[in-house]
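Dear colleague,

Please find the structure below, handed over for your use. My notes on what was found in it follow directly after.

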Amino acid sequence: MTSFDSSPTPQVWRALLALAVVFVLLMTTGWTAIRHQRGPEQAREAALAAWRDGRTGTRELPDPASPPAELAAFFRSLTPRQRDRLAADHPLVVGNLDGAPVTLRYRANRIALRAALDAERKRVEDRRLSPDGHREAVRRTHRFASLMREDRQILAFDPSGKGRVAEVFGDLDRARHVSVVVPGVDTNLLTFQRTARKYAAPVGMAESLYAAERAAAPGARTAVIAWADYTAPVGVGMDAAIGRLAENGAARLVSLTTALPGDSRVALFCHSYGSVVCGVAARRLPARVADVAVAGSPGMRAESAAGLGTGARVWAMRDADDWIAEVPYLDVGGLGHGADPVAPEFGARVLSAAGAVGHAGYFEPGTESLRNFAEIGVGSYRSVSCAGEEAACRDGISGPSTL
C-alpha cells in the first residue's frame, strides 16, 4: 500500500478520489460501509472495567472521559500515597488521563509498558501465530523495551490495535514553551521511531525540533511532545481522503492541550494528515495555543485561515518537490480536505522550507523548515524566514521576540 512518505502520482490520486466518490454514493444508499480499524483489545477493556469498579478509600473513581480540569481536581485531592496506588493498580488508565500529574503518568506508563512487554513476549512463544504475526510480536517487544528506557518520558501509551503513544522531551512541568508534533498517516506504535529515515518518524521529528529550539533560545524553558496518541489512517486510502479519523484525533488533541501543566504557551507543528487533525481541532483549542504550523498539508478542512475559527497564528510551508502539491485541494461531500494552506488566498503566514526534500523532510537538521519551526516554538517570530522574497509572514507581529 502506498504511504504518505512515498510519492503517489497525480493519476493515483485522481483514481482514489473517483473511487471515493463511488464509495460515498454506495454508503448513502446503504450498500456498503467503510471498514473501521480494529477496536480496543481485551487489556484495555479490562483496565477500564477495573477502573469503573475501583475505589480510593470510599470514593468512586471519576469517569476517564471527564474534562481534564475535573480529573486534575480529583488528583489534587488525593494524598501522594493514594496517587501512587492508583498508578500501580490502574496503570493503563492513569497513564492516559489528561489531567493526571505528568510525572504520575510517566510512572504509570512504565508499569503498563512492563505488562505489555511481558504479554508480548508470551505471544512471541505462541506457535499458533502466523509468520507475519510472529514478526509483528517480535517488533512490538523491541518497541516496548525501547520505550521503557530510564531516560524516556512516556506521556501516553495504549498497546491496543496498532497502538498509540506520546513522548515528552524536556521538562513539561516547568516549560514556558511547549511544542506538539502532530504526525500524519501510517503513525502507530511500530512507526513511532525509526532508525532509517529517522526524521520522518514522530520521535525523530520531536528530538530534532527540541534540539533546534534549544539552539535558537538556549535560556528558554522548552518541551516538545511527539504526539502519536490518535488513530491515524493507514496509507493513502479512504481514511486518508475523509475526516473521520481526524475528528477523533482532534478531540484528543484538544484534550491534551487543555490539560498541559502550568501556563505555558503552546505551538502545534502538524505534518501531512496531522494538519487535517489540527485544522479540525482549531476552533476548540484553548487560548494558550498561540501557533498552528502545517507542513506538507493536504488541507485543513477549511477554505481559509479565518475559517479555522482560531485565535492562533496559522503558518504553512511546502517544499518545492513535495508531491502533496499534486493532490487535488477540494472538499466534495466530505472527500478531500479543502483549500491549499500555502495558497495566498488561504491567508496563512507562508514560511520558507528551503533545504527540505520531499514530503517527509521538514524536520531534517540544517533545513530552513526546521529552523523556522524552532523560532516559532520559542516565540522568536521576527526571526522566521518567509517564502520567497516577501516578509509578509511576519506582518502584524509585535511584542517580545522570545518569552
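Throughout this message, a contact, or one residue touching another, means heavy atoms within 4.5 Å. This is a predicted model, in which local features need pLDDT of at least 70 and side-chain atom pairs count only at pLDDT 80 or more, while totals for chains, interfaces and linings use all residues. Residues are numbered from 1 along each chain as its sequence is written, and side-chain values use heavy atoms, with hydrogens and water left out.

Confidence of the model

The predictor's confidence in each residue is given as pLDDT, on a scale from 0 to 100. The protein chain averages a pLDDT of 89, and 88% of the residues score at least 70. Over residues 18–40, however, pLDDT stays under 50, and the model has 27 contacts beyond four places in sequence for this stretch. Where pLDDT is low, the predicted coordinates should not be read in detail.

The nonpolar cores

Two terms are needed here. A residue is called buried under 20% relative accessible area, exposed over 50%, and partly exposed in between (1.4 Å probe, protein chains only). A nonpolar core is a set of buried Ala, Val, Leu, Ile, Met, Phe, Trp, Tyr and Cys residues joined through side-chain atoms within 4.5 Å.

The largest nonpolar core has 61 residues, of which Phe75, Phe157, Leu209, Trp315, Phe363 and Phe373 touch the most other members. Apart from it lies another core, of 50 residues, with Tyr106, Ala156, Leu268 and Ala316 among them. Leaving out residues up to four places away in sequence, Phe75 touches Arg83, Leu86, Val94, Leu97, Gly99, Ala100, Pro101 and Leu104.

Helix H3

Helices (H or I, at least four residues) and strands (E, at least two) are DSSP runs, numbered from the N terminus. Phe75 is one of the buried residues of helix H3 (residues 68–76), together with Pro68, Leu71, Ala72 and Phe74. Seen down the axis of H3, these buried residues fall within an arc of 160°, so they line one face of the helix; the arc is that of the directions from the helix axis to the C-beta atoms. On the face turned away from the buried side, H3 carries the exposed residues Ala69 and Arg76. The packing partners of the buried residues of H3 are strands E1 (55–56) and E2 (59–60) and helices H4 (80–89), H5 (91–94), H6 (102–124) and H10 (244–259).

Ala116 has its place in helix H6 and is buried, with a relative accessible area of 10%. Apart from neighbours within four places in sequence, Ala116 is in contact with Phe144, Phe157 and Pro159. Ala116 and Ala43 are 73 residues apart in sequence, and their C-alpha atoms are 8.9 Å apart in space.

A salt bridge is a side-chain nitrogen of Lys or Arg within 4 Å of a carboxyl oxygen of Asp or Glu. The whole structure holds 22 salt bridges. In one of them, the closest N and O atoms of Arg114 and Asp118 are 3.6 Å apart. Because Arg114 and Asp118 are 4 residues apart in helix H6, about one helical turn separates them. Arg114 is partly exposed at 37% relative accessible area, and Asp118 is partly exposed at 34%.

Arg140 and Glu120 also meet in a salt bridge (3.3 Å, N to O). Arg140 lies in helix H7 (residues 131–147) and Glu120 in helix H6, so the pair ties together parts that are 20 residues apart in sequence. Both Arg140 and Glu120 are buried.

Asp229 forms a salt bridge with Arg252, with 3.2 Å between the closest N and O atoms. This pair links distant parts of the chain, 23 residues apart: Asp229 is in the loop between strand E6 (222–228) and helix H9 (238–241), and Arg252 is in helix H10. Asp229 is buried at 8% relative accessibility, whereas Arg252 is partly exposed at 28%. Both belong to a network of salt bridges that links Arg44, Asp158, Arg164, Asp229 and Arg252.

The disulfides

A disulfide is taken as a pair of cysteine sulfur atoms within 2.5 Å, and by this rule there are 2 disulfides. Cys270 and Cys278 form one, with their sulfur atoms 2.1 Å apart; this link is left-handed, with -90° about the S-S bond. Cys270 and Cys278 are both buried. Cys386 and Cys393 form a disulfide with their sulfur atoms 1.9 Å apart, and their link is left-handed at -85° about the S-S bond.

Kind regards
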